[in-house]
Amino acid sequence: MTMTETTPTPTRKNEWEKLPGRTKIASRALDRVVSAVTADTLGIDTKKVSVDMSDDGGSLSLTVSAPIRVPSLLRIENEPGVVDRQGGSLLERAKTAQEQIRTRVQQLTGNQVDRVIVKITGVDIQEERRVK
């Protein structure tokens, strides 16, 4: 890779792309970004997410393991459409989460993500809350 020095001018777009040097994101920082994105996507706490990353020919390969938030069985029984409103079956939600994680991690880090494996390790049941 060759580096060229340029002097940015205020009229250039994306000046930072032409500056010499390199920006490196530590694997711990990437891990935290992936954990946060996964937790947000699955509706759980980041402490419940486990991330395994590997380099796949210059792209990221991610394996995330976490429980997924689901409504209680009583709520499913009382509100027949609640499963559809929450994104469908567990398999449908895992597939959607897989794509959302890939897209958001790429957007936030600038790294190419070629593969995302989502392992659902359990369920985090949303308990019924009484309205006061």
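Visitor: Which elements each supply at least two residues of the lining of the second largest pocket, and which gives the most?

Guide: Bear in mind that this is a predicted model. Helix 2 (27–42), strand 1 (50–56) and strand 2 (59–71) each put at least two residues into that lining. The one that gives the most, with 3 residues, is strand 1.

Visitor: How many charged residues does the lining of the second largest pocket have?

Guide: This pocket has a volume of about 210 Å³. Its lining includes Ser27, Leu30, Met53, Asp55 and Gln112. Sorted by class, the lining has 3 nonpolar and 6 polar residues, and the charged count is 1.

Visitor: Okay, what about helix 2: which elements cover its buried residues?

Guide: Helix 2 has 16 residues and reaches 22 Å from first C-alpha to last, close to the 22 Å expected. Its buried residues are Leu30, Val34, Ser35, Val37, Thr38, Ala39, Thr41 and Leu42. What covers them includes strand 1, strand 2 and helix 5.

Visitor: And which element gives the largest share of the largest nonpolar core?

Guide: That core has 19 residues, and Leu62, Ile101 and Val105 touch the most other members. Two or more residues come from each of helix 2, strand 2, helix 5 (90–109) and strand 3 (113–126). The largest share, 6 residues, belongs to strand 2.

Visitor: Which residues is isoleucine 101 in contact with, leaving aside its neighbours within four places in sequence?

Guide: Isoleucine 101 is one of the residues that touch the most other members of the core. With those sequence neighbours set aside, its contacts are Val37, Thr38, Thr41, Leu62, Val64, Val116 and Val118.

Conventions: Residues are numbered from 1 along each chain as its sequence is written. This is a predicted model: local features need pLDDT of at least 70, side-chain atom pairs count only at pLDDT 80 or more; totals for chains, interfaces and linings use all residues. Side-chain values use heavy atoms; hydrogens and water are left out. On a 1 Å grid over the protein atoms alone, a cavity is a set of points where a 1.4 Å probe fits but cannot get out, and a pocket is an open set with protein on both sides within 12 Å along at least five of seven lines; lining residues have an atom within 4 Å of a point. Grid points are joined across faces, edges and corners, and a volume is the space filled by probe spheres set on the points. Helices (H or I, at least four residues) and strands (E, at least two) are DSSP runs, numbered from the N terminus. Ala, Val, Leu, Ile, Met, Phe, Trp, Tyr, Cys and Pro count as nonpolar, Asp, Glu, Lys and Arg as charged, and the others, Gly among them, as polar. A nonpolar core is a set of buried Ala, Val, Leu, Ile, Met, Phe, Trp, Tyr and Cys residues joined through side-chain atoms within 4.5 Å. Buried means under 20% relative accessible area, exposed over 50%, partly exposed in between (1.4 Å probe, protein chains only). Contact means heavy atoms within 4.5 Å. The expected span of a helix is 1.5 Å times one less than its number of residues.
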